[in-house]
Amino acid sequence: MKKKVAFYTLGCKLNFSETSTIARNFQEEGFDRVDFSEHADMYVINTCSVTENADKRFKNIVKQAQKANPNAFVAAVGCYAQLKPEELASVHGVDLVLGATEKFKITDYINDLSKNDFGEVHSCEIVEADFYVGSYAIGDRTRAFLKVQDGCDYKCTYCTIPLARGISRSDTLENVLKNAKEIAAQDIKEIVLTGVNIGDYGKGEFGNKKHEHTFYDLVNALDTIEGIHRLRISSIEPNLLKNKTIDFVAQSNSFVPHFHIPLQSGSDEILKLMRRRYLSGLYVDRVARIKEVMPHACIGVDVIVGFPGETDELFLETYHFLNELDISYLHVFTYSERDNTVAAEMDNVVPQKVRSKRSKMLRGLSAKKRRAFYESQLGSIRTVLFEGENKEGYIHGFTENYVKVKAPWNPELVNELKQIELTKIDEDGLVRFNFVAEKVEV
């Protein structure tokens, strides 16, 4: 009988794309992939270290695996496995811990699936993480996450990602296009470009510092591939989002008018403490340029609250900055101290209660911004891509500019692109619509 393997992914879209590639490697070795809740011979947990909660969740996920099969072999890979390998290895039930360079070779480490008394660790010095492994994830039938870049050369004072993933490096343009064509051949309508710092694309594409292509070259090349209906840029640093890229998206065949641009703080004083590579004025310019050429574009923002030195006045500076900005929603992160970062040693620590209060305020602002954006779209004609899950009798989908819509469940709509007119906002905050062709209200 075939051995069974199950996967659990914590963290970002990039992790999901890498889990998919690792899973395909297992299937090539003769394993059957099953759901994490099912009985399996081996459980692989792809870890994250961006937030404190991701670290704490790891132990609970190991317990879930042991509950499903107490004798199963449990492996931990990914960012947390690179940063704190011994800590993960000491968790009861963990048999194998693989760092940044070893995770894609996991099948080489499992000659047999006998339980170990203590987790076996294979993790490198992060300077050795200088090669690139391409990957993509097909989360459902409608959308795929395509990894184009890995690692980061930035030195933001709060961030452990360079320690967990190494230097900035890119897939070759040829391989990205090959993967995109493979995805398109599977009737997947949307590709989301992902990486650690995708605006840095091109750096390290030849395994050294040679730099032939840029992010602008990448989007130009992807836009020519037949069979891809939508391309979405997941997250891009404001200093790397150039005006020519914005202008290209505005007239593109496939790229959608949706940008997710990390801000982290609206206070220049805090941005300097964070060692970000821009100030608030540049961010204002980027938003203005997007709205000038794509008035209907959706703009999402990452922001961190409670960074050391963030006084009430500086937090309010961020709040008012965001309130006045023509953006569509926020992803709010409460600052948490990370080992081996500059910020963890800083003075003027913000109390946890204050961090929580500020987070709640910005989440409230996000809800207000999203509502205002949805209201601005009512009456407009958009194209929606319907998703595959029946959620309490409804089917959901996203327009090209990331308005989430709902309709009574209809399996024939799954993975279909339909023209709709947005009509009203429902009680749950999602948008109702009419199909343009039939003019039938749903």
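**View 1. Tyrosine 132 is buried, with a relative accessible area of 19%.** Here buried means under 20% relative accessible area, exposed over 50% and partly exposed in between (1.4 Å probe, protein chains only). The model is predicted, so that local features need pLDDT of at least 70 and side-chain atom pairs count only at pLDDT 80 or more, whereas totals for chains, interfaces and linings use all residues. Residues are numbered from 1 along each chain as its sequence is written, and side-chain values use heavy atoms, with hydrogens and water left out. Tyrosine 132 lies in the loop between strand S6 (120-122) and strand S7 (136-138), where helices (H or I, at least four residues) and strands (E, at least two) are DSSP runs numbered from the N terminus. Leaving aside residues up to four places away in sequence, tyrosine 132 touches Lys147, Val148, Gln149, Asp150, Arg169, Ser170 and Asp171, contact meaning heavy atoms within 4.5 Å. The C-alpha atoms of tyrosine 132 and aspartate 171 are separated by 6.4 Å, although these residues are 39 apart along the chain.

**View 2. An open sheet of 6 strands pairs in parallel, in the order S2-S1-S3-S4-S5-S6.** Two strands pair if DSSP finds at least two bridges between them. Strand S2 (32-34) and S6 are the edge strands, each pairing on one side only. Strand S5 (residues 96-98) pairs with S6 in the parallel sense over 3 bridges, and leucine 98 stands opposite histidine 122 in S6.

**View 3. Helix H11 (residues 312-324) packs with helix H12 (residues 352-377) at an angle of about 10°, their axes being 11 Å apart.** Axes are lines fitted to C-alpha atoms, for helices over the stretch in contact, and angles run from 0 to 180 degrees between N-to-C directions. H11 is therefore roughly parallel to H12, a term for angles under 35 degrees, with over 145 counting as roughly antiparallel, 65 to 115 as roughly perpendicular and the rest as oblique. The contact is made by Asp312, Phe315, Tyr319, Leu322, Asn323 and Glu324 of H11, together with Arg358, Met361, Leu362, Leu365, Lys368 and Lys369 of H12.

**View 4. Aspartate 187 has a positive phi, near 60°, in a residue other than glycine.** Aspartate 187 is placed in the loop between helix H6 (173-184) and strand S11 (190-194), and is partly exposed, with a relative accessible area of 45%.

**View 5. Tyrosine 402, although not a glycine, has a positive phi of about 65°.** Tyrosine 402 is found in the loop between strand S17 (394-399) and strand S18 (404-408), and counts as partly exposed at 24% relative accessibility.
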